[in-house]
Amino acid sequence: MVVVDLHLQDPVPDSFATHLSPNTYLTLESAGVRRRYLAGTPLFHQGDLTRHVFLIEDGWVKITATSSRGWSALLALRGPGDIVGEMSALDSQPRMATVTTLTLVSGVLVPGERLDVCIANDPSVALAISRHLAKSLRESDNQRMQFGASNGDGRLVNVLIDLMDRVGKPGEYGAIRIDLPLSQQDLASSVGVSREVVARTLRVLRSRKTIETGRRSIVVLKPDVLRALGRSVSMSTEPS
């Protein structure tokens with residue numbers, strides 16, 4: 001079920017909004033206030049004692065968490081149609097992660113108490129949140145499996161494949177462009193390796209004419225080759 005709304009035209013497949021009827025989405029939207037944020041703006045901070053959620057209607061955010069020893073991990077990316085902040089809205093516990101805009105982002109901020117009313121009045125909102133949480137759990141489980149099944153090179157290739165499938169835009173001669181402004185450090189923290197490992201892997205992919213890299217953008221020149229690499233155990237014999 002795809003939501004048709006003035007502000008939400010192209011939700012990510014299987015996102016939170018796609019599990020709501022147009023009327024339910026509009027009701028949820030009317031319970032909040034419209035917001036617009038520049039790239040690099042934190043929406044929530046890890047540890048915050050807040051309960052509001054944010055419905056993303058345009059743009060992308062990254063979700064990161066930092067350990068007590070200062071190690072940072074990129075946990076997920078969320079885009080149009082997704083909801084962020086739902087866990088603290090449901091259990092009133094401190095935020096488990098920081099949510100930061102990657103691009104210009106617009107959407108709707110819904111206070112926790114108003115979300116409670118929407119859930120009480122329409123169980124489909126709770127069902128959509130449950131499906132969203134189940135999807136997030138599956139992503140987390142898959143990420144843990146990748147950590148056990150491949151080295152840093154392989155994990156990075158699979159992240160690039162995921163980005164290609166989720167946000168890639170078709171280019172000339174079958175190429176796919178990934179325009180999300182992710183830094184090498186972002187990529188490194190998403191797969192648990194150093195930035196040097198990411199730089200080396202990207203260098204290998206460029207030398208094979210599989211990708212081209214620009215300032216915060218990647219063009220996959222040979223999508224089929226990248227997928228084949230993702231199915232292999234490792235791109236090289238170097239340890240990660």
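Reader: Which residues of helix 6 are called buried?

Author: The buried residues are Asp186, Leu187, Ala188, Ser189, Ser190 and Val191, where buried means under 20% relative accessible area, exposed means over 50%, and partly exposed lies in between, all found with a 1.4 Å probe on protein chains only. This is a predicted model, in which local features need pLDDT of at least 70 and side-chain atom pairs count only at pLDDT 80 or more, while totals for chains, interfaces and linings use all residues. Residues are numbered from 1 along each chain as its sequence is written, and side-chain values use heavy atoms, with hydrogens and water left out.

Reader: What makes helix 6 largely enclosed by the rest of the structure?

Author: Six of its eight residues (184-191) are buried, so helix 6 is largely enclosed by the rest of the structure. Helices (H or I, at least four residues) and strands (E, at least two) are DSSP runs, numbered from the N terminus.

Reader: Why is Lys62 called buried?

Author: Lys62, which lies in strand 4 (residues 61-66), has a relative accessible area of 17%, and is therefore buried.

Reader: What makes the link between the side chains of Lys62 and Asp186 a polar contact?

Author: A polar contact is a pair of N or O atoms within 3.5 Å; within protein, one must be able to donate a hydrogen and the other to accept it, and residues adjacent in sequence count only if both atoms are side-chain atoms. The side chains of Lys62 and Asp186 make such a contact at 2.9 Å.

Reader: How do you know which strands are the edge strands of the open sheet?

Author: The sheet has four strands in the order 1-8-3-6, with antiparallel pairing, and its edge strands are strand 1 (33-37) and strand 6 (83-84), each of which pairs on one side only. Two strands pair if DSSP finds at least two bridges between them, and strand 3 (residues 53-58) is joined to strand 8 (residues 105-110) by five bridges.

Reader: What makes a set of residues the largest nonpolar core?

Author: A nonpolar core is a set of buried Ala, Val, Leu, Ile, Met, Phe, Trp, Tyr and Cys residues joined through side-chain atoms within 4.5 Å. The largest such core has 29 residues, and Leu77, Leu180, Leu182 and Leu226 have the most contacts inside it. Its largest share, seven residues, comes from helix 5.

Reader: How confident is the predictor, given the average pLDDT of the protein?

Author: The scale of pLDDT, the predictor's confidence in each residue, runs from 0 to 100, and the protein averages 90, with 93% of the residues scoring at least 70.
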